Amino acid sequence: MAKEKFYITTPIYYPSDKLHIGHSYCTVAADTIARYKRAQGYDVMFLTGTDEHGQKIQRIAEERGVSPQEYVDNIVSGIKDLWKLMDISNDKFIRTTDEMHVKAVQKIFNTLYEKGDIYKSEYEGWYCTPCESFWTEHQLVDGKCPDCGRSVEKTKEESYFFRLSKYQDRLIDLIKNNPDFLQPAIRQNEMLNNFLIPGLEDLCVSRTSFDWGIPVEFDPKHVVYVWLDALTNYINALGAFSDDDADFKKYWPADVHLVGKEIVRFHSIIWPAMLMALDLPLPKQVYGHGWLLLDGGKMSKSKGNVVDPVKLVEKYGVDAIRYFLMREMPFGADGVFNNEALINRINSDLANDLGNLVSRTVSMVEKYFGGTCRNMNVADTMDGELITLAKETPAKVEALMDSYQFSSALAEIWKLISRTNKYIDETTPWTLAKDESKKDRLETVMYNLCEAIRIASELISPVMTRTTPAILAQIGAKESGWNCAKVWGLQDSFTVTKGSVLFPRIDVEAELKAIEEEAANAQAPQIEKPEAKEEITIDDFIKTELRVAKVIECERIKKAKKLLKLQLDLGYEKRQVVSGIAQFYEPEELIGKKVVIVANLKPVKLCGEDSYGMILCASNDNQLSIISPSDDMELGSEVC
């Protein structure tokens, strides 16, 4: 009989210099599901990858003096290394720069154009470069991107549009009448009330203001908009629209797209509409999980509040981090990463409960029976509760795993682990060992402990990929696999082998102090005293006229990677200033910002542009920050 198929995806990640623990959160969850389904006997396809096109990538590459392809090639290798470190078992890894994907996107674009679902027009509206997202006026929050809170820029250019509005009614029906399609349920209300019911506008699906993207075959001055490009990876990775589409026919539709809640709109509205237009089956489910927060805020490299998963794994081991991510918070909701909570989980759940249980049991089997214990069938009434719980736990875990309630599933397994620890206290093996007539009873107790540990270790295997084989080796399990966890008394005896400590205890106070010191050192590096410049008098200083101004327009200067051209309002006049801050600021970030300028600087010409002043900034070797006065300072105010 052929295995049942299961296809799971994560988002394809934007290739930033460093992925943080929030990215690992989603990927570990997907890996947990994939491993669980494989263990159950499913034929699993698990896809992840990288989203490598777009204006943001092109700008970063230009600032660094490399081609966009060189930039993403370097970053992607690091992402793949991280997934190996986190024990991610993906079957495929797609890059949107892969030739197969590029050709498929072009075929999809052509197909939609020929059907009349894509047409040429002109786009004018708001665009968030960091999010690669278009927004209407009413979707902005305080004039800024509703997803990231950063400034948006007004864009006007010739574009191709996808007739998203055509599919509005079908999408409303999809979400209202198929509650399993979009989970958790709170995401359904968000999509209906915030986007679908207010009305969909047709979607811009090409750009002409940059060229780092997939060219539209019949109109090559256009490149395909990053979300049409990115979303189709889920079918293109399987060979859709190619000469070898066997995997597409085998695995599509996807059983679940796991995505962060900030991109649910793209996956539950735009992606299904595109599939409807292509007459292809829809994914069975889109699951929009919450964010992993730090001190109440979303982790963001730009905010400097990220947590490095590589450092965490180096400190505590990959299984401890995977366990914490899946155990600490319900998967659909937001959760908070906290170093103290992580360390306490390691000490309490892993070192005390699980690690100590295995260590004590193996030591007692070695001490009392030379390393081998058999089931002597000398039962006692106190055995019944442990055996019953061990038999019932696998079904409870499966029900919770099937609904992606990882935290609750692990809690059920830990009930069995805790009950097994309690069983040691109840049976007091050290007392039984003193009475030769109770030797068979003692051996039965040892066997029951090993059997309960075997079952628990099998159940944690989708999450704790290295701990399960380590435990099974220590207790001498002869068979392994998910179905083995459903059978009590699978083997007649256990021959144990003492191994290394699974999870060493951590000194909480000392560890937290070390983390604080490390963070403080990272934030406040030692700075050498700069070489003093020639002293000036007050008469020299008062010659400098410093004024408050506001940025009203800002743009890059072509062929000048470091220069921005700013139009400033000083209250009493407007003037143009050219500043070498392009590698530190996006133009849209500066619009509306108040700055301090040297207003009486002799005009100069930079790259053919006149500059009437200089913006004041603070800088070191790697950073630059504009000096900005408070909002209540009037334009033109003198700084003294």
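Me: How much space lies in the second largest pocket?
Reply: About 900 Å³. A pocket here is an open set of points on a 1 Å grid over the protein atoms alone, where a 1.4 Å probe fits, with protein on both sides within 12 Å along at least five of seven lines. The volume is the space filled by probe spheres set on the points, which are joined across faces, edges and corners. Keep in mind that this is a predicted model: local features need pLDDT of at least 70 and side-chain atom pairs count only at pLDDT 80 or more, while totals for chains, interfaces and linings use all residues. Residues are numbered from 1 along each chain as its sequence is written, and side-chain values use heavy atoms, with hydrogens and water left out.

Me: Which residues lie nearest the centre of that pocket?
Reply: Gln55, Arg59, Ser209, Arg556 and Lys558, out of 29 lining residues (a lining residue has an atom within 4 Å of a point). Helix H2 (55-64), strand E6 (153-162), strand E18 (546-556), strand E19 (564-569) and helix H21 (587-590) each give two or more residues to the lining. Helices (H or I, at least four residues) and strands (E, at least two) are DSSP runs, numbered from the N terminus.

Me: How many of the lining residues are charged?
Reply: 16 are charged, with eight nonpolar and five polar. Asp, Glu, Lys and Arg count as charged; Ala, Val, Leu, Ile, Met, Phe, Trp, Tyr, Cys and Pro as nonpolar; the others, Gly among them, as polar.

Me: New topic. How many disulfides are there?
Reply: A search of the whole structure finds zero, where a disulfide is a pair of cysteine sulfur atoms within 2.5 Å. For Cys145, the nearest cysteine sulfur is that of Cys128, 3.7 Å away. Cys145 is buried, at 2% relative accessible area. For Cys484, the nearest is that of Cys450, 16 Å away.

Me: Where does Asp142 lie, then?
Reply: In the loop between strand E5 (133-135) and E6. Asp142 has a positive phi, near 55°, and counts as exposed at 76% relative accessibility.

Me: How far apart are the end C-alpha atoms of H15?
Reply: 32 Å, which agrees with the 32 Å that its 22 residues (406-427) should span. The expected span is 1.5 Å times one less than the number of residues.

Me: Last one: how many helices and strands in the protein?
Reply: 21 helices and 27 strands. Of the 640 residues, 53% are buried.

Notes:
Buried < 20%, exposed > 50% of the residue type's maximum accessible area, 1.4 Å probe, protein only.
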